[in-house]
Amino acid sequence: MSVIEIENVSFTYHGDKRALDNVSLSIEKGEWVSILGHNGSGKSTLSKLIVGLLKPQSGTIRVDGITLSASTVRDIRKRVGIVFQNPDNQFVGVTVRDDIAFGLENLQIERPEMIERIEHYAKKVDMYPYLNKEPHALSGGQKQRVAIAGILAMKTDVIIFDEATAMLDPEGRERVMEFMRTLNREGTTIIPITHEMKEAVMSDRIVVLKDGKVLKADKSENILKDKETLERSNLELLLPLEIMHYMNENGIDNPSLKEFLWQLSLNG
Amino acid sequence: MKNIVIGRYVPGNSFLYSMDPRTKLIALIVLMVAAFLIQSFAHMLVALLLVTSLLIFGKISVKRVYLGLRPLMFLLFFTFIFQILFNQEGDEIFVLPLHYTALSIFAAVAVAVFWFATKKRVRFKLLYFLITVVAIFAVFHFIDFGFLFARGTFRVFEEGLSTAFFIMVRLIIIIMLSTILTITTKPTDLNLGLERVLKPLGIVRINTEEIAMIISIALRYIPTLLDEANKIMLAQASRGVDFQEGKLKDKVVQIISLLVPMFIISFQRSDDLANAMEARSFVPGQPRTRLHVLTWKRLDTVAMVVSFLALTFVIVSRVVL
C-alpha cells in the first residue's frame, strides 16, 4: 500500500521558473526512498509540498489515502514529520525537554502521556541525560537528534530528512544515519532528501530529480551504478563504483575485486 | 558568548524560589502600589526595612541587588539633588552662607579639575563625586577672604528634603522588589506566569499564549543570534573592519556592516523556524496542552494575603491620617 502518492504535481515559486514540473511518484509503507538531486533540483520543494507547507499549483498529493487540502493538512502533519537541515532553526523549545514537548503540546496530548513519551524518545535517541540542557550547550548532531525525538514522539508514520545531515560533522552524520536504519527496521517510512550519494546507498529505492523533473526512479543498486543518469544530474559516483566503471570501460575483468568494490560502496 | 545568561536568574533555594511566578508577579505590583501610596516617614522606613529583610530571609546576596541598583544610582542621586535644590516649600531647615570670592572660585575650579582628572582611577565613583560636591560647598563657605564678588546662601527646605527622601526610597524599594523577582524566577517560569496572569486579557481578544510563545522564542534565540553577531564581527574584522576604533562616521558604517547581515540572517532563521513549527502541527491560536504547569501552594496564598494586607494597611493609614 502506498503511503505517499504524488500525481502530476507542479509548483512555481512566485515569479520564478518551475521548481517542480509534473512530478509523479509513490512511496510504499515501510520503504526507504532517497530523493537525490543537486541544488535547485526541486527536492526541498517536494518535501515542503508533502507536509503542506507549500501548495501545489496543480496535481494531487495523497498521504495514507488522504488527499492534501487546507482541511486535511493537520491530519497529514500527524502522519508525516520532517527533520530540516539547520539544527538551530528547528529548535523551538528553551530546553531539550521543551522542544520534544512542542509537537505533543500542539497535538493536545495529555500531560502524563506527554512526559512518558518525552522520556521514552529521549532515551531512544540517547539524549536522556540532556533533557534539561539548553540548545546552545548542544552540538549540531545532538540538536538534530532532539529534532528526531520530537518527531518520533509525535508517532508519525513517515519521516522526511531534508538534508538533515548536511550541517553535521562526520560523527553526527553517522549517528543520524544509524537512526534512519533503526527506524526503518521498526517500520517507519524513511525519505532522506539529499545530494550526498553516501546517504542514499542504504535506501531501497532512489528517485533522481533534475530541474524539477523525475529523471529516474529505480532500485538503489541500479541507480548507484548508473553513471550516465548521475552525471546528467550533476551528482558524483561513489569512488568504489567509479573504479568499477573504469574497470568495465577498459575491459579489466576481476569479479572478486568488483564484488569487493560493490560491498565497499554499500557500507558507505 | 556561549554561556550568556539571559535575565538575572541566579539559582538558589529559599521560599522566594519555591513561590509560584504568578504570586510573585501580582505581589510585586501590589507592593509597588503600596510603596507609592505610603505618606508617613516612619512607614517608609519600615517598608524599606521589610524589603531588606525579605532579601536576607530569601537568601539573596545583597551584592546582586546592589548590582541591580547600580545602573540607576545616577538617576536616584540626580532626583535627590534636583528636589533639594529646586523644591523651596515649607520651612528652611538648613542655611549655608556662601562667599563668592576670587580665591574661593579659583579653589572650587581647582577641586573640580582635580576631580575630573582623577575620577577614572577611583573605584567608588559616586561617593567620590559626592565628596567633591561637599568639598566645593565647603570651599565657598569657608573661604570668605580674597576679593569678594558676591554673597549667596544655600538653603534646604523641609518639603524639598522630604520629597527627595520619599522619591529615593520609593525607587529603591521598587528596584529591589523587581530585582528579587528576576533573581529568583527563571525567565521561562516568569514568561509562563505572565501568560497566566494576563489571561483575562483574552476578553479583549488579546491572545496571551501567542505573546508568551513569542517571548519564549525570543529568549531561546538571543544566545543563537549573539553567537551569529560574534561570527559576523569576526568575519568583518578579518576583512579589515575595526569595530573598536574610528570616528563616529566610520562607526556608523561598521555597525551597518554588522546590522545588514544580521537582519537578513534573522529573517531566514524565522522563515525556517516558522516552517519547522508548522510542520510540527503548530497552528497559532489553537488550543494546546502544556508540559509545564504551575502549582499553587499554601505559601502562595500566605504571600498573597500578606501583600494585600500591606496594601490595605497603607491605604487605611492614608485615609485616617
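Analyst: Let's start with a term: a nonpolar core is a set of buried Ala, Val, Leu, Ile, Met, Phe, Trp, Tyr and Cys residues whose side-chain atoms join them within 4.5 Å. "Buried" means under 20% relative accessible area, "exposed" means over 50%, and "partly exposed" is in between (1.4 Å probe, protein chains only). This is a predicted model, in which local features need pLDDT of at least 70 and side-chain atom pairs count only at pLDDT 80 or more, while totals for chains, interfaces and linings use all residues. Residues are numbered from 1 along each chain as its sequence is written, chains are lettered from A and ligands numbered from 1 in the order in which they are written, and side-chain values use heavy atoms, with hydrogens and water left out.

User: Okay, which residues of the largest nonpolar core touch the most other members?

Analyst: Val83(A), Ile100(A), Ile118(A), Ile148(A) and Phe161(A), out of 36 residues in that core. For the elements, helices (H or I, at least four residues) and strands (E, at least two) are DSSP runs numbered from the N terminus. Those giving two or more residues to this core are α3 (96-106), α4 (111-124), α5 (140-153), β7 (158-162) and α6 (170-185) of chain A. α5(A) gives the most, with seven residues. Apart from this core lies another of 35 residues, among them Val3(A), Val80(A), Ile193(A) and Val207(A).

User: Zooming in, what is Ile118(A) in contact with, leaving aside neighbours within four places in sequence?

Analyst: Contact means heavy atoms within 4.5 Å. By that rule Ile118(A) meets Arg97(A), Ile100(A), Ala101(A), Leu104(A) and Leu131(A), plus Leu291(B) from the other chain.

User: That takes us to the interface. How many residues of chain A are in contact with chain B?

Analyst: 37 residues of chain A, against 29 residues of chain B. Buried area is the accessible area (1.4 Å probe) that two parts lose on being put together, summed over both. Here it's about 3,000 Å², and carbon and sulfur atoms give 53% of that. On the chain A side, Asn89(A), Glu105(A) and His136(A) lose the most area, together 21% of what that side buries.

User: And how many salt bridges cross between chain A and chain B?

Analyst: A salt bridge is a side-chain nitrogen of Lys or Arg within 4 Å of a carboxyl oxygen of Asp or Glu. The rule finds five of them across this interface. One pair is Glu105(A) with Arg290(B), at 3.9 Å, N to O. Both belong to a salt-bridge network that also links Glu195(B), Arg196(B), Lys199(B), Glu209(B) and Arg288(B).

User: Which elements of chain A supply the side that touches chain B?

Analyst: α2 (73-79), α3 and α4 of chain A each give two or more residues, and α3(A) gives the most, with ten.

User: What about phi? Where is Asp64(A) placed?

Analyst: The general idea is that most residues other than glycine have a negative phi. Asp64(A) has a positive one, near 55°, and its place is the loop between β4 (58-63) and β5 (66-67) of chain A. Arg205(B) is likewise not a glycine, with a positive phi of about 60°. Arg205(B) is found in the loop between α9 (187-197) and α10 (208-238) of chain B.

User: Is Arg205(B) buried or exposed?

Analyst: Exposed, at 80% relative accessibility. Compare a loop residue in chain A: Ser203(A), between α7 (197-200) and β9 (205-210), is buried at 6% relative accessible area. Not counting residues up to four places away in sequence, Ser203(A) touches Trp32(A), Val33(A), Ser34(A) and Ser220(A).
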